[in-house]
Amino acid sequence: MSTTATTQSVQPALPVKVVVSYALAAVLSALLAFYCHSSTRFALGRSSDFVAIPDFSVPARPFAIVATLILAALTAVAFMQRQRRVSTPLWMHAIVGVLFILVFLTWAGAGRDTVIPIVTLLAGALTLSVPLIFGAMAGTVGERSGTINIAIEGQLLFGAFLGAVVASLARNAWVGLIAAPIAGMLVSLLLVLFGLKYRVDQIIVGVVLNVLVLGLTSFFYSTVLNVSAESREAFNSGVSLPVISIPILSRIPLIGPVLFQQTILVYTMYVVVGVLQFMLFHSRWGLRMRACGEHPQAADTVGINVMRTRINNAILGGALAGLGGAFFTIGHGLAFAKDMASGNGYIALAAMILGGWTPIGGVAAALLFGFAMNLGYTLSIIGSPMPSQIMLMIPYVVTILAIAGFVGRVRAPAAEGVPYP
């Protein structure tokens, strides 16, 4: 009995930030419910699906009120669990997030002659999340072994640049897909040289590499890629990877067009995330990598080459980020443009931190940020009552709120950024 009591007494309490986040969602939902009127139409499917789901309408204010009451009840439950030092299950977080988003969408479309396209929202969220997911995987691989990779922004940008140029020269997107990870690896080699070999502060090196890649790509864009119509056709023609629809699976209502009607780059992302999640926690390679990031002296004692492990993982992370950069150009059939990464590398770092330096967690956080970005674009198109400037702020506000609300629950690898030997 005493042992049980002692165990219960040391259990960590539910962070107060989580309870506050629940309460804030309930309060905002109540405010939105007050301004809801008429009804909102939603679209959940396409005519080509196995089962055609017709558009449907929901009464805006009653739905928002019911959702607000549920959010208030979940807030009370979370408060009681904090008092009893009981952890909150993940499904509660998911329900709170989904309910608030549905209330927001109901308010945005209430009384308008437009349809809220759920499939388009989800498909766009996944599309915008692809470079974030690859970037989060790159950061996870590097930092788990002890190397801070702030240069994800530069790796994404250089992957987009070299992928577009090589694909245009070869008139083949598949060749560009091979060149993109090589570009990310080249940036990682500079990070390895200065951050690991010469022990320059890795954060400073990463920021400098981002600026360097931005300057180089902007210079070549202005002097080579965009000089004339002939140069654009030769070096920056916008070659695209083909969209591959998986038979049967692509016609499943709602999830089919989102998950199974994509390019090979997205399918590669599925494999990369699954393999990394398994290898990181269920293989000798993952154990050695985590040992180098947590306690390199102990890893060295048992015969692990810490420096070689960190170098290899930094280069692997660069290759993954380069693949993510390819999605900006050959993944969409777009020509390269200046500063095409647009801060996605830094958002990928935030996704990695929010995900607790785990592949699955990074994917979940990246999808959250991708959905926030696409939500702003979609609501601007359908004519939301919210100003367009605030729409563009949504992904960055979500990033700040997510990190402020949940980052205290995760811990970085103990030896990240610490030179060895």
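Which side chain does arginine 171 meet in a salt bridge? I looked this up in a predicted model, and the partner is glutamate 233, at 3.5 Å from N to O.

**Entry 1: the pair at arginine 171**

I placed both residues along the chain. Arginine 171 sits in the loop between α6 (152-170) and α7, and glutamate 233 sits in helix α9 (residues 229-235), so the pair ties together parts 62 residues apart in sequence. Arginine 171 is partly exposed at 46% relative accessibility, and glutamate 233 is partly exposed with a relative accessible area of 46%.

**Entry 2: other salt bridges**

I searched the whole structure and got three salt bridges. Side chains of opposite charge can pair when their charged atoms come close.

I noted arginine 411 as exposed, at 56% relative accessibility. Glutamate 294 is partly exposed, at 29% relative accessible area.

Another joins arginine 41 and aspartate 55, at 3.4 Å from N to O. I found arginine 41 in strand β1 (residues 39-43) and aspartate 55 in the loop between β1 and β2 (56-59), 14 residues apart. Arginine 41 is partly exposed at 35%, and aspartate 55 is partly exposed at 40%.

**Entry 3: cysteines**

How many disulfides does a search of the whole structure find? I got zero. A disulfide is a covalent bond between the sulfur atoms of two cysteines. I also looked up two cysteines by number. Cysteine 36 is buried, with a relative accessible area of 1%, and cysteine 292 is buried, at 0%.

**Entry 4: a nonpolar patch**

Which helix gives the largest share of the patch? I found that α8 does, with four residues. Both α7 (173-197) and α8 (202-225) supply at least two residues each.

I followed one member, valine 200, which is found in the loop between α7 and α8. Is valine 200 buried or partly exposed? I noted partly exposed, with a relative accessible area of 35%. A patch residue needs over 30% relative accessible area, so valine 200, at 35%, passes that cut-off.

Conventions. Residues are numbered from 1 along each chain as its sequence is written. This is a predicted model: local features need pLDDT of at least 70, side-chain atom pairs count only at pLDDT 80 or more; totals for chains, interfaces and linings use all residues. Side-chain values use heavy atoms; hydrogens and water are left out. Buried means under 20% relative accessible area, exposed over 50%, partly exposed in between (1.4 Å probe, protein chains only). A disulfide is a pair of cysteine sulfur atoms within 2.5 Å. A salt bridge is a side-chain nitrogen of Lys or Arg within 4 Å of a carboxyl oxygen of Asp or Glu.
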